[in-house]
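Trainee: I would like to learn how to read strands, helices and chain contacts in a model. Please take me through one.

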Amino acid sequence: MMAAFSRWYDRLRGAGAFAVTTPPMDGALQPNQAIEAADLLHAAAAPDNLVRSAVGLLFSSGNAILRLDSGDELVHRFDADISALAASPDGALAIGLESGRVLIQGGAHDGLSIDKLDGRPLVCPTALAFDDASTLIVCLGSSSNAPARWKRNLMQQGATGSLWRVPLGGKPACLADGLAYPNGILLAPDGRLVVSESWRSRLVTIEAGGRTTMLLSDLPGYPSRLAPRAGGGAWLAVFAPRGQLIEFVLGERDYCDEMMRDIEEEFWIAPSLTAPHSFLEPLQGGALKQLGMLKPWAPTRSFGLVLALDAQFRPVASWHSRADGTRHGITSCIEDKDGLLITSKGGDAVLRLGPEMLP
Amino acid sequence: MRETLTRLRYRLVPDHVLGEILAKNWIDNAIPFVILLLTLAVLGALIPGLLTLGGLSGLAPQFGEWLLVVLAMTIVMLGGGIDLSVGSVFALSNFVTLALVNMLGWPIPLVMLIALACGAAVGLVNGVLVGYLRLRAFLTTLVTLIIVRSVVDMLILAYAVKVARPVTRSAIWDFISFRHVLGMPVSLVVALTVAIAGHVFLTRLRPGWQILAVGGSRRSAYNAGLPVRRTVAMTYVVSGTLAAAAGIFYASRLNAAGSDTGVGMEVLALTAAVVGGNSLGGGRGSVFKALLGTIIVLIVSNSLIRLSLPTGGSSLVLGLVLLAAVAIDVKWLKNRGKVLSRVYVSPTYMKLGRSPETGEHSSSPYAVNDRLRDVELIGLGEIDGPEDPILDAEGNLYSGTRQGDIIRFLAPDYRRKEVFVHTGGHPLGMAFDREGNLVTCVAGMGVYRIGPDRKAVKLSDQTNRSWFSVIDDSRMRLADDLDIAPDGRIFFSEATIRFDMSEWMVDALESRGNGRIISFDPRSGSTRTVISKLRFPNGICMARDGQSFFFAETWGCSISRYWFDGPKRGTHEVVIPDLPGYPDNINRASDGGYWLALVGMRTPAFDMALRKPGFRKRMVERVAPDSWLFPNMNYGCVVKFDETGRITDCLWDRRGTNHPMITSMREDRGWLYLGGVSNNRIGRYRIPGADPEWTASASYRGDKP
């Protein structure tokens, strides 16, 4: 009774759970223009899923897997867009497809196709990882929306994501359920399983019994893929910023539902992977061009952000593309000897942050 | 169904009035007034006969004296100080008056002058110490309170008996003591006269304004060149004199010099001043507030006596009242602005028609292209906010700037520029009249005419005040665009009466009819509102029939036509109902059509928000202003329409690189000149196939289409 009342009061005043404050970009998150200034390695449509495999560095672009080292050599092409990718030490590739399937290519289980986990349809594969050559960890972002419909999932305040351990050819086990769009996996050296939960802007560790513990919370954006960092810790790609207006709209269910019903997805008041490109997109007052220029600190629905996390998963450094830039929607990253490679899915570019730009 | 209810709800309830009332200065009186009503209600119920004529008139003589003392306290508080010595001065004046009249038998007028002088002298001491030597007002006047009180006590000890024995009778003395004028005791008449004079002094005269300025912010007043020290000192002198005047009336009424005369009066006066709503911090307050406070405290304290509380009980109650008043004062001052900023923006329901197609390969007349990509740029980075550039007969280019200048770029290459005139406000819409004078709407100032000799003359800055507007809408807040009829009448738009130039976009969130079109007639010099309740009326352009003009309603996304002459005189009708963007200025084109600038584009998300006023209201309350949802003003285009409202041409800057927000365009000799109110350049576009001889003035003369 009391709880219901205080919820009602919070709703009335816009306080508590209904507050629209977003975490500040300060400390290790202080903005710079490093991603805008980064070297362009390769221009490709919507690159994603950087993975190191036996044949070299791979990334996905639409329904194709390309090899990065040799320009744009086509490795595989599928009948649906690729939403997740993982490579096993023995040369196998696991591919998550938009159409709701996970395929295995190469290795001992070549040709295996999974479209159900424990009887539940596999709708939204967002991230994959090999625990060992015959065990796959699968992140399902949602039980109803395909990966391309992530915006809808966010605006529905979806929390139907789950995490699975799938012995290839064996019986899958659900590690955790009720996650708000798990979107990246990291198998830490100490055996912990770290998952990024996009809509709750946090990283959690999932233990064997399904218990989750918070590792890093209150990120100023929606976290995506994780990659191991040399010397301990992790790289974290944050694919879109949180914003006061979006948080506010999420609480306005009436508006939100009508928006999802009547307006095309790219014109929603919702985070975006790409910088604004149409006059039909919503505009926030601070993003008005003054004297012919857009200020980098303007409120924005898209940005580029990569975080370096230390062994305790605390942010230590960050690389940005801000409101006035175009290399937005960073979805994956991987470290090599010459620095950090990142994919800007919204900016159609694979980029390299050179060693001089890293801490 | 639900939407119908919403529409009705927002049509019937005028939400915006709340913010407008809160923005008024007199709202500070609201709390004391409510307290007064509560006091009367509660005490009137407790004490029978309190509110009868007899009950109230018994308080009248005391009321006059108290009012003078409260006024004394108020004027010092307005100047940012406090005067605790009013009670002692009151007692001193009482004793001096009685001593001179009863003991020495001096003539009454002289006695009064001396008593007033005594009060003024104590005030002067306070004033010098606080004003010039910069001592703390509280401590200084506390010390004078004690010293003057001791002096009076010593004198009373020595002369109490002699002083109280009347030796002479004087007609003047009797008049002051016992007579009534207009049913009121003389003291009250004098006090009310002083109050009226004080009101005029504080609100209409320079020294009064200086006191408020010094009290409001000492440093700013000093920086503005006001004599801060003298002003502060003066408030204490006035205060001493007023307290002494009260003492004289007290002497005439009671003819007694007891040692308890005026004891605790400073607390009463302070309570009254603060309860009335005069701010302890200084700078905010009025005579009327002092009057309200005096009435409240007088009624409360007398009622407490009538209720016969135990000893100290009434002091306790008065102390609590003071505490409450101070708390309210502090909270009110601190939160009024916050509350105002939360409630001022009050969105209303609005439903726009379907937005026309703009797709690149669609057959729509608005189909996107990139024809404005390669415009020539004039004055890039040298001007700020060319809202509506215009060209004169020699082809020189004029443009207003945010700094308040009108800049002239010289023909033929527009590389050299000069400040043509400084207006002081942002000049927006412009037009040349037949004599070659430049007439311009200056934001925040009104309509001005600038001759070739660069002399600016104000034509109009006031119109008739509408009856039911809470905001004083007689002043022009945001004159926007204008055009001149063949008979010389100037028709101009005032975009909104609720927001200033710096926050004009916020008006989009309200989308209420806040604007109007006004006409100025130079023959009679009169100004009057022609059409009111328009949704951000903006561009105005005379039609070629000489009897009507086109005007744009920016938030209404429509173009209408108004007839000021001819058979359809006084009527207006919509010509283009649903534009894909927000129309701004309209100007004539060489082919007989009209150019129209779209300052921004409609977005589905904002159109939907327009149908949900509650959504916008909550957004304004909870989200930081920088993050508010606005129409998309980072893109714009120019369209051309003909007399019937058919769109005949469309020019886009697709990426918004050079012209993200186009507020105006002007055709001249085959070129189109583009302006933007938040841009830093003027664009110049060669119109293919346009008449190279055509100028707007030729068109207005009738020589060209």
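**Reading the model**

Mentor: Start where the chains pair: B:Leu629 in β22(B) is the bridge partner of A:Gln284. This is a predicted model, in which local features need pLDDT of at least 70, side-chain atom pairs count only at pLDDT 80 or more, and totals for chains, interfaces and linings use all residues. Residues are numbered from 1 along each chain as its sequence is written, while chains are lettered from A and ligands numbered from 1 in the order in which they are written.

Trainee: In what sense do β22 of chain A and β22(B) pair, and over how many bridges?

Mentor: Two strands pair if DSSP finds at least two bridges between them. Strands (E, at least two residues) and helices (H or I, at least four) are DSSP runs, numbered from the N terminus. Here β22 of chain A (residues 283-284) and β22(B) run antiparallel, with two bridges.

Trainee: How many residues of each chain are in contact?

Mentor: Contact is a distance test: C-beta atoms, placed from the backbone, within 7 Å. By that test, 34 residues of chain B meet 29 of chain A. On the chain B side, α18 (604-610), α19 (613-622) and β22 (629-630) each give two or more residues. The largest share, five residues, is from α19(B).

Trainee: Now a strand inside chain B. Is β13(B) mostly covered or open?

Mentor: Count neighbours. A residue is buried if 20 or more other C-beta atoms lie within 10 Å of its own, exposed if 12 or fewer, and partly exposed in between; C-beta atoms are placed from the backbone. β13(B), residues 490-494, is mostly covered, with five of its five residues buried. B:Ile490, B:Phe492 and B:Glu494 point one way, B:Phe491 and B:Ser493 the other.

Trainee: Which strands pair with β13(B)?

Mentor: β12(B), residues 479-484, joins β13(B) through four bridges, antiparallel. There B:Leu482 stands opposite B:Phe492. β14(B), residues 515-521, also pairs with β13(B) in the antiparallel sense, over five bridges. B:Phe491 has B:Ser519 of β14(B) as its bridge partner. The hairpin of β12(B) and β13(B) has five residues between the strands, and B:Gly488 takes a positive phi near 95°.

Trainee: Why is α15(B) described as largely enclosed?

Mentor: Because 16 of its 20 residues are buried, α15(B) is largely enclosed by the rest of the structure. For length, the expected span is 1.5 Å times one less than the number of residues. α15(B), residues 287-306, reaches 28 Å from first C-alpha to last, close to the 28 Å expected. Just after α15(B), B:Ser308 takes a positive phi of about 45°.

Conventions
Two residues are in contact if their C-beta atoms, placed from the backbone, lie within 7 Å.
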